[in-house]
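Let us take a walk through this structure together, one region at a time. Please keep the sequence and the 3D view open as you read.

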Amino acid sequence: MSGAEKHILLNRLSSIGDVVFALPALALLRRERPEARISWVVEDRAADLLRGQPQIDELIVMPRRQWRRMRAEGRGRLEVLREMRRFGRELAARDIDVTLDFQGNIKSGLVTRASRAPVRIGFDRRETKEPNWLFTNRRVDLGGRVMHRIERDIHLLGALGIAFDHVAPTLVFDPSDRVAVDAFLAALPAGGPLVVINPGTSSWFKSKRWDVDYWASIADWLVREYDARVVVNWGPDEIDVVEALMKAVTTTIHRGPDLPDMRQVGYLMSRADLVVGSDTGPVHLASALSRPTIVLFGPYDPRLYYPYGHPERALYARVPCSPCRYRACPEVDCMRLISPLDLARVIAAVLAGTPLPASNLEPLKTVPI
């Protein structure tokens, strides 16, 4: 396309990790289309991270939690549908020229259609698991290649004539984002590196979690070996994990502050010397902020989500049944077979700045999921 697009809408509704992976595409789009008006439509549960970011001219928040609350309060389906239609009409009234659908499912497809943009860009039919392609009229074919989600999103910009380039995202933290974190860090005792560990995940996918006793052994080792100031980051679904970890350690580690806003979480991550955690949004946010990050993978394909630029910092056990989307797995061998010794070796190399051998992130499983 010519570059004459005046209003471009980015359609990435959720989740936090996937919103993070779309940030380099936003940065590249802003660089290549400096005069365009760029809007982003996102669900309320992931909106905090994007509020106030200067590369976005307008953040459009889809109030999904409000709609679900209306249903839970017993308000009729028709009332909820009316609210959804009102949201769609307001979206269409913005005179959007181009919509870029990074999400590629039915939900985002309906938003793409509601935008009424004359150019609606999405992925080719075989790149989406749901018939999202029915709602787009410019489709990007990735040739069935397995690629990191960051690269996948950047390739979507090719439909606008923008050549592939990875641009590191820039997140802005205002003073209100910093207050709680600065006060917390100022109260920590002096010591070695600041290591943030994120042992939990949302309750929606608990099978991504590593064993609490494993985390305790790593935390104790960090304190004893490096005099590390170990801070445990947590979210509202993860309080039970944090409490169990605090009881299991034999050294002094620090429970992080209650940070209700993802920008505050991002600021905490930006202050860390090292971030270690499971495959979850705050950990991917740390990687996007260019902090040394190590991620433990189990159910999901690590080739899609490893710390970008550093696949060697992804730990993966390569069990025959992984990757999968089985959230209630009783065994979770994919996580259990990652040992504390495995993680300690990677941590030691990262803290020392020594090269790591390449990781084998190719799953044994070949059946599509």
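Predicted model: local features only at pLDDT ≥ 70, side-chain atom pairs only at ≥ 80, totals over all residues.

Two strands pair if DSSP finds at least two bridges between them. To find the place in your viewer, look for leucine 194, which stands opposite arginine 229 in β8.

Now widen the view to the sheet around them. It is an open sheet of 6 strands with parallel pairing, and its order reads β9-β8-β7-β10-β11-β12. Which strands stand at the edges? They are β9 (254-255) and β12 (314-316); each has a single partner strand, so one side of each has no neighbour in the sheet.

What does leucine 100 touch, once its neighbours within four places in sequence are left aside? Its contacts include Ile8, Leu9, Leu10 and Asn11, and also Leu29 and Ile121. Leu156, Leu157 and Leu160 are in contact with leucine 100 as well.

Helix α11 (residues 281-288) is our next stop. Is this helix mostly covered or uncovered? It is mostly covered, for 8 of its 8 residues are buried. They are Gly281, Pro282, Val283, His284, Leu285, Ala286, Ser287 and Ala288. These buried residues pack against strands β7, β10 (274-278) and β11 (293-297), and against helices α1 (16-21), α10 (262-270) and α12 (302-305).

Serine 290 has a positive phi of about 65 degrees although it is not a glycine. Buried or exposed? Serine 290 is exposed, with a relative accessible area of 53%, and the cut-off for that word is over 50%.

Arginine 318 also has a positive phi, near 55 degrees, in a residue other than glycine. You will find arginine 318 in the loop between β12 and α13 (333-336). Its relative accessibility is 24%, so arginine 318 counts as partly exposed.

The loop between β12 and α13 also holds proline 323. The peptide bond that leads from serine 322 to proline 323 is cis, with omega near 5 degrees. Another cis peptide bond joins serine 14 to serine 15, where omega is near -15 degrees. Serine 15 sits in the loop between β1 (7-11) and α1.

Let us finish with the aromatic rings. The model has 9 aromatic pairs. One of them brings together tryptophan 204 and phenylalanine 205: their ring centres are 5.5 Å apart and their planes stand at 75 degrees, so the pair is edge-to-face. Tryptophan 204 is exposed, at a relative accessible area of 51%, whereas phenylalanine 205 is buried, at 2% relative accessibility.

Phenylalanine 205 also pairs with tyrosine 300. Here the ring centres are 5.2 Å apart and the planes lie at 90 degrees, so this pair is edge-to-face too. Phenylalanine 205 is in the loop between β7 and α8 (212-226) and tyrosine 300 in the loop between β11 and α12, so the pair ties together parts that are 95 residues apart in sequence. Both phenylalanine 205 and tyrosine 300 are buried. Together with Phe21, Trp204 and Tyr305, they form one aromatic cluster.

Charged side chains meet rings here as well. Lysine 208 lies over the face of phenylalanine 205, at 5.4 Å from the ring centre. Elsewhere, arginine 152 lies over the face of phenylalanine 123, at 3.8 Å from the ring centre.

Note on methods: Residues numbered from 1 in each chain as written. Heavy atoms only, no water. Contact = heavy atoms within 4.5 Å. Helix = DSSP H or I, 4+ residues; strand = E, 2+ residues; numbered from the N terminus. Buried < 20%, exposed > 50% of the residue type's maximum accessible area, 1.4 Å probe, protein only. Phe/Tyr/Trp six-rings, centres within 6.5 Å; stacked < 30°, edge-to-face > 60°. Lys NZ or Arg CZ within 6 Å of the ring centre and 35° of its normal.
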